[in-house]
Amino acid sequence: MSAGFNVATAVLGQLGESFPLTVTESDVQQELLKTQGLLLNKPEDKLLELETMKEGRKREAMRFLYLLLIYAYTMRGQFAMVSCRMMQLSLQYGVCMESALACASYGVLLCG
């Protein structure tokens, strides 16, 4: 893993979104299950009515995760972790511009 990725995860930790430096299959499964659980609690019509994300630190985390997701695409485990975290933040705190990439990348995960 690159030093840049390590710095990025440290910054995310300061924004309240910690990530493990090494990702196991168990970590990925946990994040997928957590995301699925949040989605199960929101019917499709409620997903379309999500509020705009207002919390500043979460918006900054989403902007940072957006950039990190592009880099993490080549690292399967990290890609899944970042994608799930973006979906979780969108479902819990509301949507923002970066939520579109969160939905798309989560779809990529589900399709294999």
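The largest pocket of this predicted model is lined by Glu-25, Val-28, Gln-29, Leu-32, Tyr-73, Arg-76, Phe-79, Ala-80, Val-108, Leu-109 and Gly-112, where a pocket is defined on a 1 Å grid over the protein atoms alone as an open set of points, reached by a 1.4 Å probe, with protein on both sides within 12 Å along at least five of seven lines, whereas a cavity is a set of points where the probe fits but cannot get out, and where lining residues have an atom within 4 Å of a point. The elements that give two or more residues to this lining are helix H2 (25-40), helix H5 (76-93) and helix H6 (99-111), with helices taken as DSSP runs (H or I, at least four residues), as are strands (E, at least two), and numbered from the N terminus. Helix H2 supplies the largest share of the lining, 4 residues. The volume of the largest pocket is about 230 Å³, a volume being the space filled by probe spheres set on the grid points, which are joined across faces, edges and corners.

Residues are numbered from 1 along each chain as its sequence is written. The model being predicted, local features need pLDDT of at least 70 and side-chain atom pairs count only at pLDDT 80 or more, while totals for chains, interfaces and linings use all residues, and side-chain values use heavy atoms, with hydrogens and water left out.

By class, the lining of the largest pocket comprises 7 nonpolar, 2 polar and 2 charged residues, where Ala, Val, Leu, Ile, Met, Phe, Trp, Tyr, Cys and Pro count as nonpolar, Asp, Glu, Lys and Arg as charged, and the others, Gly among them, as polar. The C-alpha atom of Gln-29 is separated by 15 Å from that of Met-75, 46 residues apart along the chain. Arg-76, which also lines the pocket, is placed in helix H5 and is exposed, with a relative accessible area of 64%. Between the C-alpha atoms of Arg-76 and Thr-52, 24 residues apart along the chain, the separation is 29 Å.

Two further lining residues, Tyr-73 and Phe-79, take part in an aromatic contact, and the count by the rule applied here comes to 1 aromatic pair. Their ring centres are 5.4 Å apart and their planes lie at 85°, so the pair is edge-to-face, given that rings of Phe, Tyr and Trp (its six-membered ring) pair if their centres lie within 6.5 Å, with planes under 30 degrees apart counted as stacked, over 60 as edge-to-face and the rest as tilted. Tyr-73 counts as exposed at 57% relative accessibility, whereas Phe-79 is buried, with a relative accessible area of 8%.

The structure holds 6 salt bridges, each being a side-chain nitrogen of Lys or Arg within 4 Å of a carboxyl oxygen of Asp or Glu. In one of them the side chains of Arg-85 and Glu-17 meet at 3.1 Å, N to O. Arg-85 lies in helix H5 and Glu-17 in the loop between helix H1 (3-14) and H2, so this pair ties together parts that are 68 residues apart in sequence. Both Arg-85 and Glu-17 are buried. Another salt bridge joins Glu-49 with Lys-46, the closest N and O atoms being 3.7 Å apart, and Lys-46 is partly exposed, with a relative accessible area of 43%. Glu-51 and Lys-54 meet through their side chains in a salt bridge of 3.9 Å, N to O, and both of these residues are exposed. Salt bridges that share partners join Glu-17, Glu-31, Lys-58 and Arg-85 into one network.

Cys-84 and Leu-33 are 51 residues apart in sequence and 9.3 Å apart in space, C-alpha to C-alpha. Leu-33 lies in helix H2 and is exposed, with a relative accessible area of 56%.

Definitions and conventions. Buried < 20%, exposed > 50% of the residue type's maximum accessible area, 1.4 Å probe, protein only.
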